[in-house]
Amino acid sequence: MRLIVPFVATILSFVPALPSGAYIPETSHAGMIRERLSDANRWRDHVMVVAHRAGWKENGKVVRAENSKAAIDHSASIGVEMVELDVRRSRDGALVVMHDATLERTTTCKGAVAEQSLATLKTCRLMVEGTGIVTDEPVPTLAEMLLHAKGRILVNIDNKLEPEDLVEIVATARRLDMADGILIKTAIWNDERLERARSVMTAIGPDVAFMPILADDAVKDTAFVARVARAFNAPAAEMINWRRDAAEPLTASGGPLFSPRARAAAIRGNFHMWINTYPITDRPEGMVAGGRGDGLAWSQGQTGAVYGFWIDRGATIIQTDEPKAVIGWLEGQGLRQSYAMLN
C-alpha cells in the first residue's frame with residue numbers, strides 16, 4: 001500500500017495535487033523492497049536475498065530456530081529482502097508456520113502438526129535443531145508471523161497445503177493490512193496447472209504478488225515460461241535446475257530456464273529470475289541449483305562458481321541458508337544498492 005507522509009495542514013494548502021498515476025514513494029522499508037521486487041528491469045544491478053526458513057543458519061550451522069520470530073528479527077537486521085515461511089494447518093484448521101509435517105525435529109512436542117489442535121501447538125516450544133536449545137517461542141500462527149514482519153521485510157509464503165489454500169492465506173494477510181507484504185507461489189509445469197493457478201488467483205484478486213515455480217524436469221520451453229509469467233503479471237519466477245545424483249557433474253549452462261533465451265524473456269516480461277542455493281537434507285548438494293549451492297560456495301570456497309554463475313545467467317534473487325554471507329559477497333561485487341536512495 002502506498003502512503004504519503006502527512007504534513008502540517010498549512011503546508012498542505014500550498015502543495016499542488018499530484019497528477020493521476022504519479023509516483024509516490026513507499027514509506028516503510030518493506031514498501032521499498034516491494035518497489036524493487038515489482039520492477040526487475042530497473043533493479044537488475046541489485047541482487048535480492050531471501051532467507052530460507054526465515055534465516056536459521058550461519059556458516060553451515062543451525063544457530064536459531066527456523067521459522068521463528070528471532071530468525072525474522074535477524075534477517076531484517078542484516079538487510080535481507082524476504083524471509084521464507086512454511087505454512088501448514090492445525091487439526092482445528094488454524095494456519096500455522098512449520099516446515100515439517102511432524103513436530104519432533106524443531107519443537108519440544110511430537111506427532112503430526114495436522115493432528116494437533118492450535119491450543120496444543122501453543123504448548124510446544126521451538127528448538128534450535130541439533131543443539132538441544134529450547135527457545136521461549138511457541139509454534140506460531142501465520143498471522144503472528146506476518147505481524148512480526150510487517151513493515152520491515154517481505155514474506156515469501158511456502159504453502160505446504162493445496163494451491164486453493166492460498167485464498168485463506170491471502171485473506172489472513174489482508175486482515176492484517178499485509179496484502180502487499182507477501183509473495184505467494186505455486187508450481188506450474190503444464191497447462192492444467194496453469195489453469196488451476198489462474199483459477200486460484202482469480203479468486204484472490206490482483207493486489208497480491210504471485211510467483212510461479214518452474215522446474216526444468218518438466219518445463220524446458222522458454223515460451224511457456226514467458227506465457228506463465230505474463231498470465232499473472234509475475235514479478236519473479238522461481239527456477240529449479242535439478243541435480244538428482246551426487247555423481248552428476250555441476251551444471252555448465254544452468255539448464256533451459258537460465259538460458260540466454262530465458263533471460264531475454266525475463267527482461268521482456270520485467271520479472272526477476274530466482275534461484276535457490278540452499279541444501280535439501282539427505283539430498284545431493286545444490287539439488288535445486290544444478291549442484292551449484294551454498295555448500296560448494298562456502299565449504300569449498302567457490303562463491304563465484306555459485307552466486308557469480310547464477311547472476312551471470314540472469315538471477316537477481318537468491319534464496320539461501322547463508323543470507324549474511326551472501327549479502328557480504330554481493331556487496332563486495334558491487335551487486336547491492338543502498339535503500340537510502342529511495343528515501
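Okay, let's start with the sulfurs: Cys-109 and Cys-124 are joined by a disulfide, S to S 2.1 Å. The cut-off for calling a disulfide is a pair of cysteine sulfur atoms within 2.5 Å. The structure holds one of these. The link between Cys-109 and Cys-124 is left-handed, with -105 degrees about the S-S bond. What does the pair tie together? Cys-109 sits in the loop between strand 5 (95-97) and helix 4 (118-121), and Cys-124 in the loop between helix 4 and strand 6 (125-128), so the bond ties together parts that are 15 residues apart in sequence. When I say helix or strand, I mean DSSP runs numbered from the N terminus: H or I of at least four residues for helices, E of at least two for strands.

Are these two cysteines buried or exposed? Cys-109 is buried at a relative accessible area of 18%, and Cys-124 is buried at 1%. Buried here is under 20% relative accessible area, exposed is over 50%, and partly exposed is in between, with a 1.4 Å probe and protein chains only.

Now, a word on what we're looking at. This is a predicted model, where local features need pLDDT of at least 70 and side-chain atom pairs count only at pLDDT 80 or more, while totals for chains, interfaces and linings use all residues. Residues are numbered from 1 along each chain as its sequence is written, and side-chain values use heavy atoms, with hydrogens and water left out.

So how confident is the predictor? pLDDT is its confidence in each residue, from 0 to 100. The mean for the protein chain is 92, and 91% of the residues reach 70 or more. Residues 1-25 are another story: pLDDT stays under 50 there, and the model has 17 contacts beyond four places in sequence for them. A contact is heavy atoms within 4.5 Å.

On to helix 11, residues 303-312. How many of its 10 residues are buried? Seven are, so to speak mostly covered. Among them are Val-306, Tyr-307, Phe-309 and Trp-310. The buried residues pack against helix 9 (260-269), strand 12 (272-276), helix 10 (294-299), strand 13 (315-320) and helix 12 (323-332). Just after the helix, Gly-314 takes a positive phi of about 110 degrees.

That brings me to the rings. A search of the whole structure finds five aromatic pairs. For a pair, rings of Phe, Tyr and Trp (its six-membered ring) need centres within 6.5 Å; planes under 30 degrees apart are stacked, over 60 edge-to-face, and the rest tilted.

Take Phe-210 and Phe-232: the centres are 4.5 Å apart and the planes at 50 degrees, so this pair is tilted. Phe-210 is in strand 10 (residues 209-215) and Phe-232 in helix 8 (residues 222-232), so to say distant parts of the chain, 22 residues apart. Phe-210 is buried at 2% relative accessibility, and Phe-232 is buried at 12%. Trp-298 and Tyr-307 make another tilted pair, 5.9 Å centre to centre with 40 degrees between the planes. Trp-298 is partly exposed at 34%, whereas Tyr-307 is buried at 0%.

Arg-313 lies over the face of Phe-309, 3.7 Å from the ring centre. Elsewhere, Arg-244 lies over the face of Trp-242, at 4.9 Å. The test there is NZ of Lys or CZ of Arg within 6 Å of the ring centre and within 35 degrees of the ring normal.

Definitions and conventions:
pLDDT is the predictor's confidence in each residue, from 0 to 100.
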